[in-house]
Amino acid sequence: MKMLYRYLPLVLLAVFWEMAARLELVSSSALPPLSDVIVSWIDLIKTGELTGNTGASLYRAAMGLLLAIVIGTVLGIGMAWSKPVNVLLSPIVEIFYPLPKSALIPVTVIWLGFGNGSKILLIFLGCMIPVTIGAFNGARSSEQTLVWSARSMGANRLRMLWDVVLPSALPELLNGIRTALALSFILLVSSELIVAREGLGYLIGFLGANGSYDAMYAVVLTVAFLGFAADRGYQMLMNRMLQWREQTP
Amino acid sequence: MARTDAVTADHTLDAPAPSLARTVLWGFARVFSIVVLIVAWEGLARSGQFTPFVLPSLSSVIERIWADAISGDLAINTGLTVYRAMVGFLISMVGGILIGAAMSRNVIANWFFDPIVSVGFPMPKIAFLPVVILWLGVYDVSKITIIVIDAIFPVIAATLIAIRGVERELIWSARNMGASDRELMWQIVLPAALPQILTGLQVALPLSMIVAVVAEMLMGGYGLGGAMMTASRFADSRGVFAGIVEIAIVGYVLIKAMAILRRRLLIWHQEANEPTSA
């Protein structure tokens, strides 16, 4: 009941949508009724179009994000851990950080074509920087007293990296990954809208060009829901991973 | 999104008064990797390992940018992209702060917007781009609209958290001294909330640029993103790489300007003396 009250405005918006379309307040090609959208969503599931393209999209996002997390974490902690690495990498990070990552879409297409490779490369390049910065800021802020006591108890550098630096870098690192997760969806959808032969973004563009707007709305809402669900799921995971901390940020 | 000032700000603090030779050496080390990157790009492009389609040499890309600058295309495209991104950003800023402030003060506004923000913020709103095109066409209105849809959420969220986090004592003392609602908002709450609001704006700004470029790529026409897409359709990879360099410079300038503005506006805040993190 409380849940219903909280999300009532969304329900009202949905009802308003249905009414506006049914009463022809707006042209039904611009805004098909929500019930039609749901019907075409079920059709898209039945024909397998939606599931297949969702699979293709999620594969790209997951691969790109995974690469970005692994390499970004290594680079970020390396930058915090060793001064030469920092001096070498921080100018490059500083140059690439402000680049609007969507500008890379045509270049990745030139390098790797229209398929999976170009999207994975794009997501990897776009998402790596927030992960690197998160890992760097986190690792750099590990408390000196912890580092000193670990050292006085005879931990070698590698042990310290694993037992002290990495755990204390975790909160900021996880925040950086959350930014990267959001970014990966943006880059995935935009690159698929612009050039692709499969994937959710492609499906949206294809259905829109065919004029099947109710199906297009169905896919748009699916993408929006997937992004939302991914963020919520990640947040739950993050809270679990940070449970050992006295207070989660 | 984290700010990169942190990456460089700290090192001068831990080194006790370095000698001149060391300063010069570190200064050189700082640009070293960028020089290596530039030399590697030019060298690889000239080595013949890659076709000019895959990797045009940096010098030919710079020539291309120069040619665009002389013909006036560069100014038109850059101007249009920056115009769209900035109008979208400014609307998001004003709208986001207004909605956030309204949510923090008014129960009904909070009831209505809270689920919309909590569901809408994590969504990839760029997926609504085709819907926006369907409604508003392919011109500036729809480009700016999609920018606002994407960039307004971080501003609302930051404003809301910031205003809720203002210390009660500040508000009580102001009230005690007879501040009216309006005075309270303008003289106490907003300044105290400013650091976090600015952080939200610093997320919204790069987002505006990302979305502006995507919208231009998808809808075509003038603008840096549109020009890149045209170049890409004609397999003109020098044009594509020129576009990246141009967009990178625009993004760099905007973000640096925002960081400077933040330092200016928060000169009174203790953060001005600390190295920033996160």
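This is a predicted model: local features need pLDDT of at least 70, side-chain atom pairs count only at pLDDT 80 or more; totals for chains, interfaces and linings use all residues.
Figure 1. The C-alpha atoms of chain A occupy a box of roughly 75 × 50 × 30 Å along the principal axes. The radius of gyration of chain A is 22 Å, whereas a compact globule of 249 residues would have a value near 18 Å. Of the 249 residues in chain A, 45% are buried. Among contacts in chain A with a separation of 6 or more, 70% are between residues 24 or more positions apart.

**Figure 2. Chain B is likewise described by helices, with 0 strands.** Chain B has 12 helices, and the pattern along its sequence is α-α-α-α-α-α-α-α-α-α-α-α. The C-alpha trace of chain B spans about 75 × 65 × 30 Å along its principal axes. Buried residues account for 36% of the 278 residues in chain B. When contacts in chain B between residues at least 6 apart in sequence are considered, 72% of them join residues at least 24 apart.

**Figure 3. The side of chain A that touches chain B draws on several helices.** In this view, 55 residues of chain A are in contact with 51 residues of chain B. Helix 1 (2-22), helix 4 (83-96), helix 5 (105-112), helix 6 (116-140), helix 8 (157-194), helix 9 (200-210) and helix 10 (213-241) of chain A each provide at least two residues of this side. Helix 8 of chain A gives the largest share, 10 residues. Sorted by class, the side of chain A that touches chain B comprises 39 nonpolar, 11 polar and 5 charged residues.

**Figure 4. A:Val220 belongs to the largest nonpolar core and touches residues of chain B.** The largest nonpolar core has 129 residues. The residues with the most contacts inside this core are A:Ile123, A:Val219 and A:Val220. Setting aside residues up to four places away in sequence, A:Val220 touches A:Ile204 as well as B:Ala127, B:Phe128 and B:Val131. In soluble globular proteins, nonpolar side chains tend to be buried together.

**Figure 5. Helix 2 of chain A crosses helix 10 of chain A.** Two packed helices are described by the angle between their axes and the distance between the axes. The axes of helix 2 (residues 34-47) and helix 10 of chain A come within 8 Å and cross at roughly 75 degrees. Helix 2 of chain A is therefore roughly perpendicular to helix 10 of chain A, because angles of 65 to 115 degrees are classed in this way. From helix 2 of chain A, the residues A:Asp36, A:Val37, A:Ser40, A:Trp41 and A:Leu44 meet A:Asp214, A:Ala215, A:Tyr217 and A:Ala218 of helix 10 of chain A. The residues of this contact divide into 6 nonpolar, 1 polar and 2 charged.

**Figure 6. A:Gly72 is a buried residue of helix 3 of chain A.** A:Gly72 lies in helix 3 (residues 49-81) of chain A. A:Gly72 counts as buried because it has 26 C-beta neighbours inside 10 Å, and the cut-off for a buried residue is 20 or more. Apart from neighbours within four places in sequence, A:Gly72 is in contact with A:Met128, A:Val131, A:Thr132 and A:Ala135.

**Figure 7. A:Leu75 is a buried residue in helix 3 of chain A.** A:Leu75 has its place in helix 3 of chain A. With 21 other C-beta atoms within 10 Å, A:Leu75 is buried. Its contacts, leaving aside neighbours within four places in sequence, are with A:Leu89 and A:Thr132. A:Leu75 and A:Asn116 are 41 residues apart in sequence, and their C-alpha atoms are 25 Å apart in space.

**Figure 8. B:Ala235 has a positive phi and lies in a loop of chain B.** The loop that holds B:Ala235 is between helix 11 (224-233) and helix 12 (237-265) of chain B. Phi of B:Ala235 is near 55 degrees, a positive value in a residue other than glycine. Most residues other than glycine have a negative phi. B:Ala235 counts as exposed because it has 10 C-beta neighbours inside 10 Å, and 12 or fewer is the cut-off for an exposed residue.

Terms used. Residues are numbered from 1 along each chain as its sequence is written. Chains are lettered from A and ligands numbered from 1 in the order in which they are written. Two residues are in contact if their C-beta atoms, placed from the backbone, lie within 7 Å. Helices (H or I, at least four residues) and strands (E, at least two) are DSSP runs, numbered from the N terminus. Ala, Val, Leu, Ile, Met, Phe, Trp, Tyr, Cys and Pro count as nonpolar, Asp, Glu, Lys and Arg as charged, and the others, Gly among them, as polar. The radius of gyration is taken over C-alpha atoms; the globule rule is 2.2 Å times the number of residues to the power 0.38. A nonpolar core is a set of buried Ala, Val, Leu, Ile, Met, Phe, Trp, Tyr and Cys residues joined through C-beta atoms within 7 Å. Axes are lines fitted to C-alpha atoms, for helices over the stretch in contact, and angles run from 0 to 180 degrees between N-to-C directions. Angles under 35 degrees count as roughly parallel, over 145 as roughly antiparallel, 65 to 115 as roughly perpendicular and the rest as oblique.
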